[in-house]
Amino acid sequence: MVDLQVNLGGLVLKNPVTTASGTFGFGEEYAAFVDLNRLGAVTVKGLTLEPREGNPAPRVAETPAGMLNAIGLQNPGIYRFIREYLPSLVTDGVPVIVNINGYSVEEYGLLAAICEATAGVAALEVNISCPNVRQGGMQFGLSPQSAAAVTQEVRRHTRKPVIVKLSPNVTDITEIARAVTAAGADAVSLINTLLGMAIDVGSRRPVLANVFGGLSGPAVKPVALRMVYQVYQAVKVPILGMGGIYTAGDAVEFMMAGATAVAVGTANFANPRATLDILEGMAGFCLQEGITGISELTGAAH
Amino acid sequence: MKTPLLLTAAPVIEHEQLKPDVYRLVLAAPSIARQALPGQFIQVRVNNLAEPLLPRPFSLARISADQGTITLLYRIVGRGTRLLAGVPTGQTVQLWGPLGQGWALPAAGGILSRQRAGWPYPPDRAVMPVYVAGGMGIAPLLPLAVEWYRQGQPGLLLYGVRSGDQLALLGQWEELGVKVRIATEDGSVGIRGTVIDLLAATCLTGRHPVIYACGPWPLLKAIHQIARGNYWPCQVSLEERMACGVGACLGCVCRGKIPQVDPIAEPVPWRHVRVCREGPVFWSDEVVWDG
C-alpha cells in the first residue's frame with residue numbers, strides 16, 4: 001500500500017489530487033462520473049460577494065493542445081453558493097476549497113470572514129490571478145505589494161488554511177510567492193491561465209467576445225512546471241501545482257518539481273474521469289517505484 | 001440531473017458517407033440508447049491524445065433502444081469532425097451522455113402540455129408538430145418526430161438547405177408519414193429561398209402548430225419572431241461553442257429569461273444560462289435574441 005496522504009499548509013488531504021477552480025463547477029456536474037469523496041479536495045468555481053453574469057459568448061476557443069477561456073467569473077455569489085451548493089458537497093465528505101475573488105482588498109477580507117464562519121469550508125484559495133475580469137482579478141496578483149495586501153487582509157479574517165493562487169503573467173513569479181508567504185499564506189497554488197488570444201481569419205475578428213482569454217491545457221504544462229520548480233526553491237510553504245496536467249505522469253512531474261498536491265483542470269473536459277484516472281496512475285507509479293509515501297515525490301527533481 | 005450520465009467506449013457499427021462532407025455514424029451504446037431523450041446530445045472523443053483536446057458535442061439523430069444503438073449525423077466543419085470521419089467500423093470512440101434538456105414531448109393523443117404561466121396558447125390540447133430544420137439542424141429532429149408519430153401525429157417538416165444535392169435521409173421522414181416541404185437557396189429542389197420563407201409561406205392557421213426548430217442562430221431568431229407573431233409555441237435547439245458539455249465550465253452560455261430562482265436577489269432581465277445544461281432546447285420566448 002502507498003500512503004497517499006499529504007499536508008497542504010494545514011489542510012490534510014487523503015490524496016494529492018484536487019480539482020482546479022472553474023473546471024469542475026460545484027462538483028455536482030461531475031458527480032455522475034466521479035465519486036467525489038475519492039478526491040483529495042474539490043476546489044469550486046471562483047466566487048464573488050455578489051452574483052456575476054460574466055462575459056458574453058463566445059467564451060471558449062480550442063487551441064493547439066489547449067483552450068482559451070474568458071468566462072469572467074460567472075457565479076451565483078458566495079451566499080447562494082453556501083445555501084444551495086455547499087451542503088451537498090459537504091455530505092459527499094470531500095474537503096471543499098473555496099476560491100474567492102474580490103474587487104477590493106476589503107472585499108477579500110469580507111469573503112474570508114464569510115468562509116471562516118462557514119463550517120463546510122475546509123480552506124480558502126485566494127484568486128489574485130483571474131485574467132478575464134476588468135476590475136480586481138489579476139490586477140492584485142501582478143505586484144508583490146498588492147498581492148501581499150490581499151493575503152494579509154484574508155489572513156486577518158480566517159484561521160483556516162489560506163492558499164494564494166498566483167498568476168503566471170508576471171516577469172518573476174518567485175517575487176510574488178515570497179510576498180504572499182511573508183504576508184501569511186499557508187500555501188500557494190500555481191499556475192492560473194496564461195493570457196492569450198485567437199483570431200477567426202474568416203471574419204477577421206478575435207474569436208472570444210472578450211478578445212483575450214486564459215490559455216490552459218497540455219500546451220501550458222512546461223511553463224507551469226518551470227514555475228512550480230522555481231517557487232519551490234524560493235519559498236518554504238507547500239505548493240498546489242497545476243497547469244496542463246493531463247496524465248498521471250504529468251502529475252508526478254509536478255510533484256517532483258516541488259508540488260505537495262496537484263489540481264486537474266482542463267483535462268476534466270477531455271475526460272470526465274480524469275481526476276480518478278490520474279489518481280490511480282499516480283498510486284500505480286508509486287507501487288512500481290517502491291515508494292511507500294507519495295509525499296516523498298515532492299521536490300524529488302531538485 | 002435526473003438521468004444518470006454514462007461514460008463509455010462505443011464501437012462503430014456503421015459509418016457511411018452520405019455526401020462529400022456529410023456522414024452518418026451508428027454507435028453501439030445500449031445504456032445511452034435506453035436513456036436518451038430526443039433533443040439530448042452526447043460528447044464524443046475519437047482518441048485520448050491531447051490534440052485536439054476537447055470533445056465534440058453531437059445531437060442524436062436516431063435513438064434505437066431496441067438495437068442498443070444511437071446515430072449521429074454530421075458535417076465536416078473542423079479538426080474534430082475530420083478526425084471522426086476517419087474512424088472505421090469496428091473501432092471504438094469515447095462518449096458520454098445523454099446530456100442537456102431535450103424537446104417537449106407529446107403526451108398520449110398528441111397533446112402538448114406546457115406548464116408555464118403566462119403563455120397565451122391554450123394548454124393541453126392536440127397540436128400539430130412543425131419541424132423546421134436549417135442544414136444539419138435536421139439531425140436532432142428525427143427522434144422527436146418518432147415520438148409524435150407514436151402519438152398519431154406525423155406533422156410537417158420544413159427543411160432548408162443550400163442546394164438539392166445536400167438533402168439527406170428524407171426517406172426516414174417519409175416512412176413516419178411526415179409531410180416534407182423543401183427550400184433550397186439555389187432553387188434546385190422545392191421553393192427557392194430559405195426555410196424562413198418556407199414557414200412564412202405555409203398556411204398553418206387553425207392547425208394549432210407547435211414549432212420545433214434547429215439551425216443557425218439567425219434562422220432560429222427569425223423562426224422565433226414568426227412563431228411569436230402567430231402565438232405559436234416554439235422550441236429551438238441552440239448551438240454554441242462548448243468545452244465540458246456537462247455544465248461545469250460555463251463556456252457555452254446564452255442569455256435566458258428564466259424564472260427568478262433567488263427570492264432575495266434583485267430581479268434581472270436575463271441571466272446567462274448554459275446551452276449544455278439548461279438547453280440545448282429552449283422555449284424560444286425564454287431566449288434573449290438581441291445583442
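Select A:E280 to begin: in this predicted model, the residue is partly exposed, with a relative accessible area of 37%. A:E280 belongs to helix 8 of chain A, whereas A:R38 lies in the loop between strand 3 (17–19) and strand 4, so the pair ties together parts that are 242 residues apart in sequence. A:R38 likewise counts as partly exposed, at 35% relative accessibility. A search of the whole structure finds 21 salt bridges over all chains.

**Two salt bridges within helices**

Select A:E84 and A:R80 next. Their side chains meet in a salt bridge, with 3.1 Å from N to O. Both residues lie in helix 1 of chain A, 4 residues apart, about one turn of the helix. An α-helix has 3.6 residues a turn, so residues three or four places apart point the same way.

Move to chain B and select B:E147 and B:R150. These residues form a salt bridge whose closest N and O atoms are 3.1 Å apart. Both lie in helix 3 (residues 142–150) of chain B, 3 residues apart, about one turn of the helix. B:E147 counts as partly exposed at 22% relative accessibility, and B:R150 counts as exposed at 58%.

**Helix 6 of chain A**

Select residues 248–257 of chain A, which make up helix 6. Of its 10 residues, 7 are buried, so the helix is largely enclosed by the rest of the structure. The buried residues are A:A248, A:D250, A:A251, A:V252, A:F254, A:M255 and A:A257. What do these buried residues pack against? Display helix 5 (221–234), strand 15 (239–241), strand 16 (261–264) and helix 8 (274–289) of chain A, and their partners are in view. Helix 8 is also the element that holds A:E280, where the tour began. After helix 6 comes A:G258, whose phi is positive, near 140 degrees.

**The nonpolar cores**

In soluble globular proteins, nonpolar side chains tend to be buried together. The largest nonpolar core here has 139 residues, and A:V98, A:I100, A:I128, A:L166 and A:L190 touch the most other members. Centre the view on A:I100. Leaving aside its neighbours within four places in sequence, A:I100 is in contact with residues including A:L47, A:I78, A:Y108, A:L111, A:C115, A:V126 and A:V154. Among its other contacts are A:E125 and A:N127. A second, separate core of 30 residues includes B:L73, B:A145, B:V146 and B:L170.

**A buried asparagine**

Select A:N55, in the loop between strand 4 (42–43) and strand 5 of chain A. Is A:N55 buried or exposed? The relative accessible area of A:N55 is 11% and buried means under 20%, so this residue is buried. A polar atom of the A:N55 side chain lies 3.1 Å from the backbone oxygen of A:A70. Not counting residues up to four places away in sequence, A:N55 touches A:A70, A:I71, A:G72, A:N132, A:N210 and, from chain B, B:H272.

**Where chain A meets chain B**

Show both chains together. The contact takes 38 residues from chain A and 35 residues from chain B. About 2,900 Å² is buried between the two chains, and carbon and sulfur atoms give 60% of this area. In chain A, select A:E53, A:E62 and A:F269: these lose the most area to chain B, together 21% of what that side buries.

How many salt bridges does the rule find across the interface? There are 5. One to inspect joins A:E29 and B:R274, whose side chains meet at 3.7 Å, N to O. The count of residue pairs in polar contact between the chains is 14. On the side of chain A that touches chain B, the elements giving two or more residues are strand 5 (60–63), strand 6 (66–69), helix 1 (78–92) and helix 7 (267–270). Strand 5 gives the most, with 3 residues. By class, this side of chain A has 18 nonpolar, 11 polar and 9 charged residues.

Terms used
Residues numbered from 1 in each chain as written. Chains lettered and ligands numbered in written order. Predicted model: local features only at pLDDT ≥ 70, side-chain atom pairs only at ≥ 80, totals over all residues. Heavy atoms only, no water. Buried < 20%, exposed > 50% of the residue type's maximum accessible area, 1.4 Å probe, protein only. Contact = heavy atoms within 4.5 Å. Buried area = accessible area lost by both parts, 1.4 Å probe. Salt bridge = Lys/Arg side-chain N within 4 Å of Asp/Glu carboxyl O. Polar contact = N/O pair within 3.5 Å; in protein donor to acceptor, adjacent residues only side chain to side chain. Nonpolar A, V, L, I, M, F, W, Y, C, P; charged D, E, K, R; others polar. Core = buried A, V, L, I, M, F, W, Y, C linked by side-chain atoms within 4.5 Å.
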